[in-house]
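Reader: I would like a close look at one part of this model, the place where the two chains meet, and then at what lies behind it. Please take me through it step by step.

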Amino acid sequence: MTKIHITNGHIIDPANNIDQLGAVYVAEGKILSLNEQPSGFTADIVLDATNNIVCPGFIDLSARLRDPGQSYKGTIQSETIAAASAGITSLCLPPDTSPVIDSQAVVELINDKSQRAGYSQVYPIGALTHQLAGIELSSMAALKEAGCIAVSNAMAPFSSLLVLRRAMEYASSHNLLVMYHPDEASLSNNGCAHEGIFSARYGLPGIPSASEAVAVAQCIELAELTGCRLHFSQISCKGAAIKIQQAQKYGLAVSADVSIHQLHLTENDIEPFNSVYHVLPPLRTVKDKQHLRDSLAKGTIGAICSDHQPHDVDAKLGAFPETEPGISSLETLLPLMLRLVKDNEITLSQGISTLTQNPAKILGIQRGALTSGFSADICIFDPTLKWDVNDDNWKSSGQNTPFWGKTLEGRVMHTVQAGKVVYSL
Amino acid sequence: MKDLQLNKEGRLKHFLTIDGLNKDILTEILDVAESFSTMPAQKVNKVPLLRGKTIVNLFFENSTRTRTTFELAATRLSADVLSINIAASATSKGESLLDTIRNLEAMHVDMFVVRHAISGAGHFIAQNTAPHISVINAGDGQHAHPTQAMLDMFTIRQYKKKFDHLNVVIIGDILHSRVARSQIQALNVLGVKEIRVVAPKTLLPQNVESLGVKPFNNIEQGLEGSDVIMMLRLQKERMTSALLPNEREYFKCFGLTEERLKSASHDAIIMHPGPINRGVEIESSIADGSQSVILQQVTNGVAIRMAIMSLTMQSKGDVS
């Protein structure tokens, strides 16, 4: 396999406390060493990283690829190409595909397609309940054996807390991580925007922050009862973050992530009835955004995910409440993380941690670090290079982003995944 | 928002919401409506302003009253008018809103008057329709009903002359009311002294103060010294969705009665967008009483809609 020599880069590898100029040597798909050239090493490819940051490839805890089932919105091929161009080398695929990821056959299909595409390590997340219906347990042991990294019910509700409890107990018996999207459906009541100033003004059905905070509180109690390893996906409000912090302080094994757009956009940013801002959980208040940023800096929220949800044009063509929720966000992940650094919310090293070693730790995988022997997943980016979000630069099939037409700062130059250069600008 | 409704010269092209419109535009609508309001008394009650134009009333939700006044307004402006009730036809066959619009566009229409159950439907149509077509919102979901609000402003001006000294109270289901949202915005733009809203918390939006109103859960306090009382219609389904216990208790706590009316100004006017639920939100004797201007509102509805239709069509400069 290809031997790669990355030279003159500024290496930031938070897991190994490295923050210095240096070189990375890759062979056989693995990290060989940092700085010291191994004896007899002759590079097939030399990547010059002058003025660039060299860090572990990003691990995205939630990215919809729309495959299998909705190839008109995106495919494993199209979306992993987009991921590679964004420095993302591993990503978790939520189970709400069609068919649902609740059988070994579907897991195998996804693994087969993603390996053939060859751009990302795709980790399927298994369904927590059969068909995501929230009524019967899925075959979690079989899903784990087939390669599911965790189990989740995606955005689908449970028929009762009893089912959730039993699903958590059963997952825990198989040492499976449960990823939980907190939303009390009876309170969110088919809303489409945060219940606040925006929904009051435009007469849109609202989703109160309480629908998320209530679900977090309930699930924390069940985590204690069941001993389940629990991860909260895409936290959006202050109340939820406070409850997670309390649970962590109390000693429960509870982690959380936040989607990148919740750290930048609020209800005040929504252009009236512009459906690209229709996302679930909804864009909340300025206070919520600031608390999420603080929680990220403190480590209560360990990871940033893209919560990538590409859509076809028709899905967003309609009156706001009738359009499909979700933002296409793989490619804005890095520049928007860098904006947090620029805003002095977090350090660059912290920002890289939230995209590398922290999600690796949450998933329990040996990735997200430039440790010798680890899979050679590397992102090389220019933190100051500006680029326009437009047709020429965009790779995902879904162009549904509020940042369309904007200029962003920070761009990936090369992405190495499992020792292969999968993207170069 | 503002850009969508106004053309380059700042004239009304669409009429979708009061939000974003200034006092000059609202006043112009009222003034033009006033000139039309004298018309039925004349022998010939038609003006040729929109002769040769085709107006399509596109009602995705049923409404006899609003549709009829729009039809009448269009007819008096000499336009050809076509009313389509889509509630039970095209969309139930799976045709998208956009396809319905495109099909009608192909028949060379000049204006859509749209009522739809989803908030933002009017905006969506205005954004996606051919550039020569004007869109008038005849009510979208819980968002806006700007022509109703303007006929209410017209009625208030008729009786009270000026806005700046008025205490206005809106009583009823504010949360689900597109009428209330548009009324509140219009009253704020026209600069009334105070706007109060009265309802139990289940029928008030969160952050209702952000709309520029003072909320009350007690009707007596809300009515105190008010000059204009705007009642809202209570929908029956609020009882079945745990927002209210029953009509009797609602009337007991929030119904407008002779007794309660005493705390308002002696010359307060009482308004209602109709249809009225007698004995639920308002006592029958008040609805038909001397302070009620409810039927005058209906009459004014035609003149206001004529004004809005002619102004939006004229803004393109292609009307003689």
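Author: The contact between the chains takes 17 residues from chain A and 21 residues from chain B, two residues being in contact if their C-beta atoms, placed from the backbone, lie within 7 Å. This is a predicted model, in which local features need pLDDT of at least 70 and side-chain atom pairs count only at pLDDT 80 or more, while totals for chains, interfaces and linings use all residues. Residues are numbered from 1 along each chain as its sequence is written, and chains are lettered from A and ligands numbered from 1 in the order in which they are written.

On the side of chain B that touches chain A, at least two residues each come from helix 4 (97-105), helix 5 (121-128) and helix 7 (178-190) of chain B. Helices (H or I, at least four residues) and strands (E, at least two) are DSSP runs, numbered from the N terminus. Helix 5 of chain B gives the most to this side, with three residues. By class, the side of chain B that touches chain A has 10 nonpolar, nine polar and two charged residues. Here Ala, Val, Leu, Ile, Met, Phe, Trp, Tyr, Cys and Pro count as nonpolar, Asp, Glu, Lys and Arg as charged, and the others, Gly among them, as polar.

Now to helix 7 of chain B. Its 13 residues reach 18 Å from the first C-alpha to the last, close to the 18 Å expected at 1.5 Å a residue; the expected span is 1.5 Å times one less than the number of residues. Of the 13 residues in helix 7 of chain B, 11 are buried. A residue is buried if 20 or more other C-beta atoms lie within 10 Å of its own, exposed if 12 or fewer, and partly exposed in between, with C-beta atoms placed from the backbone. Among the buried residues of this helix are Arg178(B), Arg181(B), Ile184(B) and Leu187(B). Their cover includes helix 2, strand 4, helix 6 (146-160), strand 5 (167-171), strand 6 (194-198) and strand 8 (228-231) of chain B. Just after helix 7 of chain B, Gly191(B) has a positive phi of about 80°.

Between them, 26 residues of domain 1 of chain B are in contact with 20 residues of domain 2 of chain B. Helix 2 (23-37), strand 4 (134-140) and helix 13 of chain B each supply at least two residues of the domain 1 side. That side divides into 13 nonpolar, eight polar and five charged residues.

The largest nonpolar core has 115 residues, of which Phe112(B), Ile229(B) and Met309(B) touch the most other members. Such a core is a set of buried Ala, Val, Leu, Ile, Met, Phe, Trp, Tyr and Cys residues joined through C-beta atoms within 7 Å. Helix 13 (residues 294-314) of chain B provides the largest share of this core, 10 residues. Beyond its neighbours within four places in sequence, Met309(B) is in contact with Leu50(B), Ala73(B), Ala74(B), Leu77(B), Met111(B) and Ile136(B).
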